[in-house]
Amino acid sequence: MNSRDNREMEESRKALSSHKRKETAKIFLVHILLLLFCVVCAYPLLRIFSVSLRPGDRLISTDLALIPAGAGFASYATLLKSTGFLRWLWNSLVITC
Amino acid sequence: MTNGLLGPVLDVAGFLLLIIACVMVLEAWLYLHLKCSDRKWFLPAAAAAAPLLVLGIFTAAAGHMPEGGRFFSVTGSALIAGISAAAFARYFVRGRYSLAYMLTAPAFIGLALLILYPLVFEIYLSFHDLKLTTIMEWKRSGYLPFVGLSQYWKVFVSSPLSDVTFWQLFMRTIWWTVVNVFFHVLGGFCLALLLNNRIQFKGIYRTLMVIPWAMPQVVAVLAMRGEFHSQYGFINIMLERLLVILPFLKALGVGPVQWLSDHPLLTCTIINVWLGIPFMMVVMLGGLQSISHSYYDAASIDGASWFQRLRYITLPLIKPVAMPAITLGAIWTFNNINVIYLVTGQSGGTEEADILVSALYKAAFTFNRYSYSAAFAIVIFAVLFGLSMLLMRVSKGAESAYEQQR
């Protein structure tokens with residue numbers, strides 16, 4: 001009786017651990033797929049940001065680096081100073097409210 | 001100083017005060033209607049007061065009366081509005097609901113002006129003939145030639161753009177809608193299934209994956225159009241580098257492609273699928289989370305496989321949530337002028353990827369055929385209305401989950 005109980009406990013423990021391994025593999029796969037799609041969704045936004053950091057004389061280039069060579073916030077400074085950006089932002093806020 | 005920071009604030013404050021004054025006048029007018037509606041002198045007084053009020057506003061605000069035929073049409077519509085408001089107050093509103101009507105009236109009137117009036121004007125335009133050659137005459141005298149149903153006839157028979165007919169555009173729009181909605185639903189459902197498990201970082205994944213939908217659509221579409229550029233967009237750059245790493249792919253035909261000139265509709269489809277999957281994912285996730293676990297527990301006790309659980313439990317129970325979302329997605333995709341016009345419709349683009357609504361936009365604003373576009377718009381609306389009614393009827397999506405289980 002005792003040895004049969006022991007054997008049953010062994011089998012159920014092995015079944016549990018293989019079930020746990022399958023569960024872990026499934027969770028790993030889910031994370032990989034989700035991460036892949038997150039990259040696909042967020043990458044264009046990162047590209048927009050990295051193009052905005054490019055210096056003015058190298059605006060078009062085939063370099064795929066996320067932080068381009070000679071990066072700087074010059075475009076942002078021009079946006080705030082030479083265009084009516086703050087006025088447009090105020091307009092949007094007023095219309096939303 | 002007034003042009004710097006204080007100027008716009010004073011502008012906005014003045015505008016707000018004007019709106020508040022108009023709403024107060026409207027509420028006072030309605031209150032008088034509802035209070036005195038059972039006096040004998042009510043109907044004639046209301047019928048007389050409304051056009052006088054309108055003329056008073058015109059004279060005060062614009063400094064002159066409207067001329068010619070416009071004068072009579074304005075007075076006539078003010079008369080009709082006054083009499084109908086009086087009749088409404090007297091015969092339809094019973095005392096208890098008068099406060100509700102008074103409170104919702106400003107919003108209703110605002111919406112009616114913004115939605116009803118353009119709709120009525122569009123129907124009026126579609127039966128007359130307003131184009132570049134008749135617009136000056138119309139401005140001068142308020143007269144438009146009446147052409148009956150000939151604009152509608154022209155919609156079906158002649159071509160809105162250079163050489164593409166209505167039926168070609170219609171087929172292309174149907175194809176565009178079907179392909180896009182298919183990939184939206186497939187991608188959204190798969191992602192919702194993935195997110196529905198017990199995993200960590202669900203919030204972070206959901207936030208990152210909602211980015212295409214959360215970005216302003218114009219910005220996202222223009223950025224993606226730049227990325228499909230044949231030389232400097234990252235799609236072609238990555239394909240070139242992939243060919244360097246794995247050169248056997250060249251034999252399979254993989255390589256940099258002239259996206260915007262050779263395959264404009266495919267480019268628009270890829271961009272629209274990228275934009276539309278997050279919405280479907282969020283809706284499907286909500287639907288999946290509303291299915292109670294007891295169904296799945298009962299099924300796994302009975303020995304159902306994963307696919308059987310999907311087919312017999314998940315799909316039927318997610319239908320009342322998914323079908324309205326799919327209908328909405330189909331309507332939005334059918335009418336999606338943003339992606340098509342911004343990617344291919346601007347100057348220097350191509351007309352190959354036009355769908356019905358972008359051809360409508362071009363006919364109206366590039367070729368100045370306003371009456372034709374009005375008729376075209378009404379035809380598109382009728383088609384879309386019919387298709388969505390058909391979709392809702394066929395899928396029985398308007399029933400709730402409880403009715404379906406019976």
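Guide: In this predicted model, the side chains of Arg47(A) and Glu227(B) meet in a salt bridge, with an N to O distance of 3.2 Å. Between chain A and chain B the count is one salt bridge, and the pair Arg47(A) and Glu227(B) forms such a bridge. Side chains of opposite charge can pair when their charged atoms come close.

Polar contacts between chain A and chain B are counted as three residue pairs, with both residues of each pair at pLDDT 80 or more. On the side of chain A that touches chain B, α1 (2-52) and α3 (85-96) each supply at least two residues. The largest share of that side comes from α1(A), which gives 17 residues. Sorted by class, the side of chain A that touches chain B holds 18 nonpolar, three polar and four charged residues.

The contact as a whole draws 25 residues from chain A and 30 residues from chain B. Together the two chains bury about 2,500 Å², and carbon and sulfur atoms account for 79% of this area.

Over all chains, the count of salt bridges comes to four. One of them joins the side chains of Arg13(A) and Glu10(A), at 3.7 Å from N to O. Arg13(A) and Glu10(A) are separated by about one helical turn because they stand three residues apart in helix α1 of chain A. Helix α1(A) is also the element that provides 17 residues to the side of chain A touching chain B.

Helix α15 of chain B, residues 306-334, contains 29 residues, yet its end C-alpha atoms lie only 35 Å apart. A straight helix at 1.5 Å a residue would reach 42 Å, and α15(B) falls short of that span. A bend of about 60° occurs in α15(B) at Lys319(B), and the proline Pro320(B) follows within four residues.

Two loops of chain B hold residues with a positive phi. Phe201(B), although not a glycine, has a positive phi of about 60°; this residue lies in the loop between α7 (166-195) and α8 (202-209) of chain B. Asn368(B), likewise not a glycine, has a positive phi of about 55°, and its place is in the loop between α17 (356-365) and α18 (370-395) of chain B.

Conventions:
Residues are numbered from 1 along each chain as its sequence is written. Chains are lettered from A and ligands numbered from 1 in the order in which they are written. This is a predicted model: local features need pLDDT of at least 70, side-chain atom pairs count only at pLDDT 80 or more; totals for chains, interfaces and linings use all residues. Side-chain values use heavy atoms; hydrogens and water are left out. The expected span of a helix is 1.5 Å times one less than its number of residues. The bend at a residue is the angle between axes fitted to the seven residues ending there and the seven starting there. Contact means heavy atoms within 4.5 Å. Buried area is the accessible area (1.4 Å probe) that two parts lose on being put together, summed over both. A polar contact is a pair of N or O atoms within 3.5 Å; within protein, one must be able to donate a hydrogen and the other to accept it, and residues adjacent in sequence count only if both atoms are side-chain atoms. Ala, Val, Leu, Ile, Met, Phe, Trp, Tyr, Cys and Pro count as nonpolar, Asp, Glu, Lys and Arg as charged, and the others, Gly among them, as polar.
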